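Please study the sequence and the three-dimensional structure shown here. The paragraphs that follow lead through several of the parts in turn.

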Amino acid sequence: TAISKIVEAIKTNRHTGIKQLFTPEGYEIYNELIRYGKARIVGKPKLKFFKGANGGVVARGLQMSFSFRTSLIKTFVEDVVFAFNDEQRICNVAFGLGQIAENDILCRNAPGWKDETRELIMEFLEKYKTAYSLKRLDYIREIFADDAKIIVGYVPRPNLTKPKSDVPISRKGKQLMKRNQMDKETYLARLEKCFKNNEFINLSFSNTDVQWLEKYKNDESRKETFGIQIGQEYSSSSYADMGYLFLLVNLTNHDMPLIEVRTWQPNEFDMSKVCNAGDFWE
């Protein structure tokens, strides 16, 4: 099979002989992925095949480890996902979401949802996660709407040089949080600098909640718009944090998803204040 040939190519570090298994874009992403640290196969692949969002097939079950030598050796283990088009060529390679996030999406009991809807959301999030890890700035630029709202929440650090009465205090045992909003170009400029300054970046997803914005069901241009709230652990060679990512994304055009809102908030404050789709309804 195609996956067994890819496994052998990774083990022997000989990749040119499998180029015909991919579309041009798929092979480009594959090459970027296997250069993401020192790549190794973990265990024996336990492949499962699923119907994809656009009529193709998705293969899951290949685990790989990726190691980086910084001041310490850092290793990430990822489920690698292969998407096949209707010509049975691999058109995309991505890092999977992890078991918790996958279960939250695949097992969601939501009225009116089809298996295709679940796969569409998973495919989008896998591409999103992979783009940040592989530093695919051009792809990230494409998936953000030009007028996207991008909000980063943060807990301000007390200024210890000020009198104690001037230092922000918590309410009901929770830390105060401030929000910094920026436009798309400002965010991308910051992201480009971050990519250049870090040897590696890795996103790990956990608990996930997805809301379909049913109010748009009769709007042909927005009928598949979702609010996605997901736990995120961010790791890089210079910084790490944990928090909650929220994306308001229009997936109506399956080939051109558009993020309309992106927020990130630290996990240091009241969960009732985590952003969700209701915060951005018109």
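Asp146 is exposed, because its relative accessibility of 68% exceeds the cut-off of 50% above which a residue counts as exposed. The model in which this residue is found is a predicted one. Lys184 belongs to helix α6 and Asp146 to strand β6 (residues 144-154), so the pair ties together parts that are 38 residues apart in sequence. What is the relative accessibility of Lys184, and does it count as buried or exposed? Lys184 has a relative accessibility of 7% and therefore counts as buried.

Side chains of opposite charge can pair when their charged atoms come close. How many salt bridges does a search of the whole structure find? The search finds 12 salt bridges.

Another salt bridge is formed by the side chains of Glu185 and Arg141, at 3.1 Å from N to O. Here Glu185 is part of helix α6 (residues 184-197) and Arg141 is part of helix α5 (residues 137-143), so this pair ties together parts that lie 44 residues apart in sequence. Glu185 counts as partly exposed because its relative accessibility is 46%. Arg141 also counts as partly exposed, at 34% relative accessibility.

The side chains of Glu214 and Lys217 likewise meet in a salt bridge, with 3.7 Å from N to O. Glu214 is partly exposed, with a relative accessible area of 42%, and Lys217 is partly exposed with a relative accessible area of 42%. Salt bridges can also be joined into a network, as they are for Arg60, Glu119 and Glu126.

The next topic is the pairing of strands. Strand β8 (residues 201-212) runs antiparallel to β9, and 10 bridges join the two. Within this pairing, Ile201 has Ser236 of β9 as its bridge partner. Strand β9 also pairs with β10 in the antiparallel sense, over 11 bridges. One of the residue pairs involved is Tyr234 with its bridge partner Asp241 in β10. Why can strand β9 be described as largely enclosed by the rest of the structure? Of the 12 residues of β9 (residues 225-236), 11 are buried, so the strand is largely enclosed by the rest of the structure.

Two loops that involve these strands can be read together. Arg222 is located in the loop between β8 and β9, while Thr252 is located in the loop between β10 (240-250) and β11 (258-266). Arg222 counts as buried because its relative accessibility is 15%, which lies under the cut-off of 20%. Thr252 is buried as well, since its relative accessible area is 17%.

The surroundings of these two residues can be followed atom by atom. The side chain of Arg222 makes a polar contact of 2.9 Å with the side chain of Tyr216. Apart from neighbours within four places in sequence, Arg222 is in contact with Tyr216, Asn250, Thr252 and Glu260. Thr252, with residues up to four places away in sequence not counted, touches Glu220, Ser221, Arg222, Lys223 and Glu224. A polar atom of the side chain of Thr252 lies 3.0 Å from the backbone nitrogen of Glu224. The side chain of Thr252 also makes a polar contact with the side chain of Asn250, at 2.7 Å.

Attention now turns to a helix. Which residues of helix α2 (residues 24-34) are buried? They are Gly26, Tyr27, Ile29, Tyr30, Asn31, Leu33 and Ile34. The buried residues of α2 pack against α1 (2-12) and against the strands β1, β3 (57-69), β4 (73-84) and β5 (90-95).

Leu47, Phe49 and Val57 make a nonpolar surface patch of about 240 Å². Leu47 is found in the loop between β1 (38-41) and β2 (48-51). Leu47 is described as partly exposed because its relative accessible area is 30%.

Definitions and conventions:
Residues are numbered from 1 along each chain as its sequence is written. This is a predicted model: local features need pLDDT of at least 70, side-chain atom pairs count only at pLDDT 80 or more; totals for chains, interfaces and linings use all residues. Side-chain values use heavy atoms; hydrogens and water are left out. Helices (H or I, at least four residues) and strands (E, at least two) are DSSP runs, numbered from the N terminus. Buried means under 20% relative accessible area, exposed over 50%, partly exposed in between (1.4 Å probe, protein chains only). A polar contact is a pair of N or O atoms within 3.5 Å; within protein, one must be able to donate a hydrogen and the other to accept it, and residues adjacent in sequence count only if both atoms are side-chain atoms. Contact means heavy atoms within 4.5 Å. Patches are made of residues with over 30% relative accessible area and no salt bridge: like charges are joined within 9 Å, nonpolar side chains (Val, Leu, Ile, Met, Phe, Trp, Tyr) within 5 Å. Accessible areas come from the Shrake-Rupley method with a 1.4 Å probe; for residues, only the protein chains shown count as cover. A salt bridge is a side-chain nitrogen of Lys or Arg within 4 Å of a carboxyl oxygen of Asp or Glu. Two strands pair if DSSP finds at least two bridges between them.
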